[in-house]
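Me: I would like to go through this model by question and answer, starting with the overall fold and ending with single residues.

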Amino acid sequence: MADIGADQQDNNEPDYKRLHAYSLVRNTDMDDEMLSEAVDTAVTACDKFPENMEAAAQMLKQAMDTKFGPSWHAVIGEGFGFEITYEVKNLLYMFHNGAFSICLWKCA
């Protein structure tokens, strides 16, 4: 009996992962150009470094610093909370692949 339940659970995992195989922007106040660039860079960083969130966050921060000026901050991970002060029109909070939360903001 336990084997049948385990088989059904294994069959449901791909469906669950398939449901969350996209990026979801939860909160932002960026303009469209900046938002598009930030989301593309964040997705690229997470896909390039799926096991190393620190490297992914560093890649995202450096790309945003280069494109939109210094003082960007990035946090990528699972199960974190935050309260930040940021410059208006420079905040992105998103989810990627159902596993990663990404918070990107600029403050001087």
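The turns below concern a predicted model.

Me: What share of the contacts with a separation of 6 or more joins residues 24 or more positions apart?
Reply: The chain has 108 residues, and 31% of them are buried. Among contacts with a separation of 6 or more, the share that joins residues 24 or more positions apart is 58%.

Me: What part of the accessible surface belongs to carbon and sulfur atoms?
Reply: The accessible surface of the chain comes to about 7,100 Å². The part of this surface that belongs to carbon and sulfur atoms is 50%.

Me: In what order do the strands stand in the sheet, and which strands are at the edges?
Reply: The four strands form an open sheet with antiparallel pairing, in the order E1-E3-E4-E2. A strand at the edge has a single partner strand, so one side of it is left without a neighbour in the sheet. The edge strands are E1 (23-28) and E2.

Me: How many bridges join E1 to E3?
Reply: E1 and E3 run antiparallel. Within this part of the sheet, Asn-27 stands opposite Tyr-93 of E3. The number of bridges that join E1 to E3 is five.

Me: Which residue stands opposite Leu-92?
Reply: E3 and E4 pair in the antiparallel sense over six bridges. The hairpin of these two strands has three residues between them, and Asn-97 takes a positive phi near 60° there. Across the pair, the residue in E4 opposite Leu-92 is Leu-104.

Me: Which residue of E4 stands opposite Trp-72?
Reply: E2 and E4 also pair in the antiparallel sense, over six bridges. The residue of E4 that stands opposite Trp-72 is Lys-106.

Me: What angle does H3 make with E2?
Reply: H2 packs on the sheet and touches E1, E2, E3 and E4, its direction making about 40° with that of E3. H3 lies across E2 and E4. The angle of H3 to E2 is about 155°.

Me: Which element gives the most residues to the largest nonpolar core?
Reply: This core has 22 residues, of which Met-30, Leu-60, Met-64, Ile-76, Leu-92 and Leu-104 touch the most other members. Two or more residues come from each of helix H2 (32-48), helix H3 (53-68), strand E2 (72-77), strand E3 (91-96) and strand E4 (100-106). The element that gives the most, with seven residues, is H2.

Me: How far apart in space are Ile-76 and Ala-57?
Reply: Ile-76 is found in strand E2. Leaving aside neighbours within four places in sequence, Ile-76 is in contact with Cys-46, Met-53, Ala-56, Ala-57, Leu-60, Phe-100, Ser-101 and Ile-102. Ile-76 and Ala-57 are 19 residues apart in sequence, while their C-alpha to C-alpha distance is 5.8 Å.

Me: Why is Ser-101 classed as buried?
Reply: Ser-101 has its place in strand E4. Beyond its neighbours within four places in sequence, Ser-101 is in contact with Val-75, Ile-76, Gly-77, Phe-80, Tyr-93, Met-94 and Phe-95. Buried means under 20% relative accessible area. Ser-101 is classed as buried because its relative accessible area is 11%.

Me: With which side chain does the side chain of His-96 make a polar contact of 3.2 Å?
Reply: His-96 lies in strand E3 and is buried, with a relative accessible area of 4%. Its contacts beyond four places in sequence include Tyr-22, Ser-23, Val-43 and Cys-46. The polar contact of 3.2 Å is with the side chain of Asp-47.

Terms used
Residues numbered from 1 in each chain as written. Predicted model: local features only at pLDDT ≥ 70, side-chain atom pairs only at ≥ 80, totals over all residues. Heavy atoms only, no water. Buried < 20%, exposed > 50% of the residue type's maximum accessible area, 1.4 Å probe, protein only. Contact = heavy atoms within 4.5 Å. Areas by Shrake-Rupley, 256 points an atom, 1.4 Å probe, with all protein chains shown as cover. Core = buried A, V, L, I, M, F, W, Y, C linked by side-chain atoms within 4.5 Å. Pairing = 2+ DSSP bridges. Axes fitted to C-alpha atoms, helices over the stretch in contact; angles between N-to-C directions. Polar contact = N/O pair within 3.5 Å; in protein donor to acceptor, adjacent residues only side chain to side chain.
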